[in-house]
Amino acid sequence: MEFDDVLAARRMVRRYRDDPVPAETVEKIVRVIRRAPSAGFSQGHRLVVVTRRATRERIAECAEEHLYPDRWLSVAPVLMVLGIREDDYHDRYTRPDKLIDGEEIDWPAPYWWVDSGAFLMLLQLAAIDAGLAAGFATVRRTDELKALLGLPDDIAVVGVITIGHPREDATPPSDTARLRSMRKPLDALVRHESWERPG
Ligand SMILES: Cc1cc2nc3c(=O)[nH]c(=O)nc-3n(C[C@H](O)[C@H](O)[C@H](O)COP(=O)(O)O)c2cc1C
(Lines give C-alpha, C1' and ligand atoms only; values in the text may rest on other atoms or scores of the structure.)
Protein backbone atom coordinates (compact mmCIF):
# COMPACT_ATOMS: atom_id res chain seq x y z
CA MET A 1 0.00 0.00 0.00
CA GLU A 2 1.11 3.58 -0.65
CA PHE A 3 1.78 5.53 2.52
CA ASP A 4 -0.88 8.15 1.70
CA ASP A 5 -3.47 5.37 1.39
CA VAL A 6 -2.39 3.82 4.68
CA LEU A 7 -2.65 7.21 6.38
CA ALA A 8 -6.11 7.82 4.96
CA ALA A 9 -7.22 4.34 6.10
CA ARG A 10 -5.77 4.71 9.58
CA ARG A 11 -8.80 5.17 11.75
CA MET A 12 -9.55 3.70 15.14
CA VAL A 13 -12.44 1.46 14.17
CA ARG A 14 -15.30 0.62 16.57
CA ARG A 15 -17.58 -1.29 14.18
CA TYR A 16 -16.68 -4.82 13.07
CA ARG A 17 -18.18 -7.81 11.34
CA ASP A 18 -17.87 -10.91 13.49
CA ASP A 19 -16.42 -13.24 10.84
CA PRO A 20 -13.08 -14.71 11.92
CA VAL A 21 -9.64 -13.64 10.74
CA PRO A 22 -7.47 -16.52 9.43
CA ALA A 23 -4.91 -17.68 11.98
CA GLU A 24 -2.03 -17.02 9.51
CA THR A 25 -3.12 -13.40 9.18
CA VAL A 26 -3.26 -12.97 12.95
CA GLU A 27 0.19 -14.50 13.20
CA LYS A 28 1.59 -12.18 10.52
CA ILE A 29 0.26 -9.15 12.40
CA VAL A 30 1.54 -10.38 15.75
CA ARG A 31 5.05 -10.93 14.45
CA VAL A 32 5.64 -7.18 14.08
CA ILE A 33 6.31 -7.28 17.84
CA ARG A 34 9.86 -8.36 17.06
CA ARG A 35 10.36 -5.33 14.78
CA ALA A 36 8.95 -2.75 17.18
CA PRO A 37 11.38 -0.04 18.34
CA SER A 38 12.17 0.21 22.05
CA ALA A 39 14.47 2.34 24.18
CA GLY A 40 17.81 0.55 24.43
CA PHE A 41 16.09 -2.33 22.59
CA SER A 42 14.62 -3.24 25.98
CA GLN A 43 11.68 -5.02 24.29
CA GLY A 44 9.23 -4.61 27.14
CA HIS A 45 6.21 -5.28 24.93
CA ARG A 46 3.90 -8.16 25.81
CA LEU A 47 0.80 -9.25 23.94
CA VAL A 48 -2.00 -11.68 24.76
CA VAL A 49 -3.91 -12.61 21.61
CA VAL A 50 -7.47 -13.75 22.24
CA THR A 51 -9.89 -15.21 19.72
CA ARG A 52 -12.09 -17.40 22.00
CA ARG A 53 -15.51 -15.82 22.20
CA ALA A 54 -16.06 -16.35 25.92
CA THR A 55 -12.75 -14.69 26.80
CA ARG A 56 -13.38 -11.82 24.37
CA GLU A 57 -16.70 -11.18 26.08
CA ARG A 58 -15.01 -11.02 29.48
CA ILE A 59 -12.32 -8.68 28.15
CA ALA A 60 -15.08 -6.47 26.75
CA GLU A 61 -16.59 -6.33 30.26
CA CYS A 62 -13.23 -5.31 31.74
CA ALA A 63 -13.04 -2.54 29.11
CA GLU A 64 -16.58 -1.43 30.05
CA GLU A 65 -18.08 -1.98 26.63
CA HIS A 66 -21.51 -1.02 28.01
CA LEU A 67 -20.33 2.62 28.11
CA TYR A 68 -20.05 2.73 24.29
CA PRO A 69 -22.98 3.32 21.94
CA ASP A 70 -22.44 -0.07 20.20
CA ARG A 71 -20.87 -3.42 21.04
CA TRP A 72 -17.51 -3.58 19.31
CA LEU A 73 -14.97 -5.14 21.70
CA SER A 74 -16.99 -8.35 22.01
CA VAL A 75 -17.76 -8.41 18.27
CA ALA A 76 -14.24 -7.97 16.87
CA PRO A 77 -12.95 -11.52 16.22
CA VAL A 78 -9.44 -10.78 17.51
CA LEU A 79 -8.48 -8.94 20.67
CA MET A 80 -4.91 -8.23 21.61
CA VAL A 81 -4.25 -7.15 25.17
CA LEU A 82 -1.25 -4.89 25.14
CA GLY A 83 1.05 -5.12 28.13
CA ILE A 84 4.35 -3.60 29.07
CA ARG A 85 7.05 -4.77 31.46
CA GLU A 86 8.83 -1.77 32.95
CA ASP A 87 11.44 -3.99 34.59
CA ASP A 88 12.80 -4.90 31.12
CA TYR A 89 13.92 -1.24 30.87
CA HIS A 90 15.57 -1.21 34.30
CA ASP A 91 17.24 -4.53 33.50
CA ARG A 92 18.56 -3.11 30.25
CA TYR A 93 19.59 0.31 31.59
CA THR A 94 21.56 -1.18 34.47
CA ARG A 95 23.76 -3.09 32.07
CA PRO A 96 27.34 -1.75 31.89
CA ASP A 97 27.01 -0.22 28.39
CA LYS A 98 24.04 1.91 29.52
CA LEU A 99 25.26 3.21 32.88
CA ILE A 100 26.32 6.84 33.13
CA ASP A 101 28.79 7.52 35.97
CA GLY A 102 27.93 4.04 37.22
CA GLU A 103 24.24 4.87 37.59
CA GLU A 104 21.02 3.99 35.78
CA ILE A 105 19.79 7.05 33.89
CA ASP A 106 16.74 8.71 35.44
CA TRP A 107 14.87 9.44 32.20
CA PRO A 108 12.46 12.40 32.17
CA ALA A 109 9.88 10.31 30.26
CA PRO A 110 8.73 6.73 31.00
CA TYR A 111 9.93 5.19 27.76
CA TRP A 112 8.10 1.91 28.32
CA TRP A 113 4.79 3.74 27.76
CA VAL A 114 6.28 5.62 24.80
CA ASP A 115 7.36 2.33 23.23
CA SER A 116 3.95 0.84 23.80
CA GLY A 117 2.35 3.63 21.77
CA ALA A 118 4.80 3.05 18.94
CA PHE A 119 4.04 -0.66 19.02
CA LEU A 120 0.30 -0.04 19.04
CA MET A 121 0.68 1.98 15.87
CA LEU A 122 2.79 -0.71 14.22
CA LEU A 123 0.11 -3.30 14.99
CA GLN A 124 -2.59 -1.07 13.57
CA LEU A 125 -0.62 -0.51 10.37
CA ALA A 126 0.01 -4.26 10.04
CA ALA A 127 -3.74 -4.87 10.41
CA ILE A 128 -4.49 -2.30 7.70
CA ASP A 129 -1.87 -3.85 5.43
CA ALA A 130 -3.69 -7.19 5.90
CA GLY A 131 -6.93 -5.57 4.68
CA LEU A 132 -8.36 -5.36 8.21
CA ALA A 133 -9.12 -2.60 10.68
CA ALA A 134 -7.99 -1.99 14.24
CA GLY A 135 -9.11 0.02 17.24
CA PHE A 136 -7.91 0.67 20.75
CA ALA A 137 -9.70 0.80 24.07
CA THR A 138 -8.36 1.86 27.42
CA VAL A 139 -9.11 -0.35 30.41
CA ARG A 140 -9.75 0.68 34.01
CA ARG A 141 -10.52 -2.76 35.44
CA THR A 142 -6.94 -3.92 34.91
CA ASP A 143 -6.72 -6.21 37.98
CA GLU A 144 -9.70 -8.19 36.71
CA LEU A 145 -8.24 -8.34 33.21
CA LYS A 146 -4.86 -9.49 34.49
CA ALA A 147 -6.48 -12.22 36.58
CA LEU A 148 -8.53 -13.34 33.57
CA LEU A 149 -5.46 -13.66 31.35
CA GLY A 150 -2.96 -14.81 33.96
CA LEU A 151 -0.77 -11.75 33.50
CA PRO A 152 1.90 -11.53 36.21
CA ASP A 153 2.28 -8.53 38.54
CA ASP A 154 5.28 -7.11 36.68
CA ILE A 155 3.32 -6.57 33.46
CA ALA A 156 1.12 -3.46 33.27
CA VAL A 157 -1.94 -3.39 31.03
CA VAL A 158 -1.82 -0.63 28.41
CA GLY A 159 -5.14 -1.39 26.74
CA VAL A 160 -7.00 -3.62 24.31
CA ILE A 161 -6.54 -3.66 20.54
CA THR A 162 -9.47 -4.80 18.43
CA ILE A 163 -8.78 -6.34 15.01
CA GLY A 164 -11.23 -7.55 12.41
CA HIS A 165 -13.06 -6.86 9.18
CA PRO A 166 -14.57 -3.38 9.33
CA ARG A 167 -18.32 -3.09 8.89
CA GLU A 168 -19.39 -1.16 5.81
CA ASP A 169 -20.43 1.72 8.06
CA ALA A 170 -17.21 1.50 10.12
CA THR A 171 -16.18 5.09 9.52
CA PRO A 172 -19.37 7.04 8.77
CA PRO A 173 -18.95 10.41 7.01
CA SER A 174 -20.56 12.17 10.02
CA ASP A 175 -17.82 10.82 12.26
CA THR A 176 -15.10 11.86 9.80
CA ALA A 177 -16.64 15.34 9.57
CA ARG A 178 -16.72 15.58 13.38
CA LEU A 179 -13.02 14.69 13.60
CA ARG A 180 -12.22 17.16 10.84
CA SER A 181 -13.99 19.93 12.72
CA MET A 182 -12.08 19.08 15.90
CA ARG A 183 -8.68 18.85 14.22
CA LYS A 184 -6.34 21.47 15.67
CA PRO A 185 -4.68 23.80 13.18
CA LEU A 186 -1.21 22.71 12.12
CA ASP A 187 0.48 25.77 13.60
CA ALA A 188 -0.96 24.96 17.02
CA LEU A 189 0.92 21.66 16.86
CA VAL A 190 4.04 22.29 14.80
CA ARG A 191 6.50 25.15 14.75
CA HIS A 192 9.74 25.36 12.85
CA GLU A 193 13.15 26.08 14.39
CA SER A 194 11.73 27.33 17.70
CA TRP A 195 8.39 27.19 19.54
CA GLU A 196 8.45 30.98 19.88
CA ARG A 197 6.94 32.96 17.04
CA PRO A 198 9.30 35.59 15.66
CA GLY A 199 8.55 38.83 17.54
C1 LIG B 1 -3.77 6.14 23.88
C2 LIG B 1 -5.11 6.09 23.20
C3 LIG B 1 -6.24 5.75 23.93
C4 LIG B 1 -7.47 5.65 23.30
N5 LIG B 1 -8.52 5.20 24.02
C6 LIG B 1 -9.68 4.95 23.39
C7 LIG B 1 -10.75 4.33 24.10
O8 LIG B 1 -10.65 3.99 25.27
N9 LIG B 1 -11.89 4.09 23.42
C10 LIG B 1 -12.03 4.43 22.10
O11 LIG B 1 -13.09 4.17 21.55
N12 LIG B 1 -11.04 5.02 21.41
C13 LIG B 1 -9.86 5.28 22.02
N14 LIG B 1 -8.83 5.84 21.32
C15 LIG B 1 -9.02 6.25 19.92
C16 LIG B 1 -9.15 7.76 19.78
O17 LIG B 1 -10.41 8.16 20.25
C18 LIG B 1 -8.95 8.14 18.31
O19 LIG B 1 -7.63 7.86 17.94
C20 LIG B 1 -9.25 9.60 18.02
O21 LIG B 1 -10.61 9.86 18.25
C22 LIG B 1 -8.94 9.99 16.57
O23 LIG B 1 -9.64 9.15 15.69
P24 LIG B 1 -8.88 8.29 14.57
O25 LIG B 1 -7.74 7.57 15.28
O26 LIG B 1 -9.91 7.36 14.02
O27 LIG B 1 -8.36 9.25 13.56
C28 LIG B 1 -7.59 5.96 21.92
C29 LIG B 1 -6.45 6.32 21.21
C30 LIG B 1 -5.23 6.36 21.82
C31 LIG B 1 -4.01 6.72 21.00
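**View A. Pairing of strands β1 and β2.** In β2, the bridge partner of R46 is G83. Six bridges join β1 to β2 (residues 78-84), and the two run antiparallel. Strands (E, at least two residues) and helices (H or I, at least four) are DSSP runs, numbered from the N terminus. Two strands pair if DSSP finds at least two bridges between them. The model is predicted: local features need pLDDT of at least 70, side-chain atom pairs count only at pLDDT 80 or more, and totals for chains, interfaces and linings use all residues. Residues are numbered from 1 along each chain as its sequence is written, and side-chain values use heavy atoms, leaving out hydrogens and water.

**View B. The open sheet.** Four strands form an open sheet in the order β1-β2-β4-β3, with antiparallel pairing. β1 (45-50) and β3 stand at the edges with a single partner strand each, so one side of each has no neighbour in the sheet.

**View C. Strands β3 and β4.** β3 (residues 133-137) and β4 (residues 156-164) run antiparallel and are joined by five bridges. Strand β3 is mostly covered, as four of its five residues are buried (under 20% relative accessible area; exposed is over 50%, partly exposed in between; 1.4 Å probe, protein chains only).

**View D. Residue E61 in helix α3.** E61 is found in α3 (residues 53-62). This residue counts as partly exposed because its relative accessibility is 47%. The C-alpha atoms of E61 and K146 are separated by 13 Å, although the two residues are 85 residues apart along the chain.
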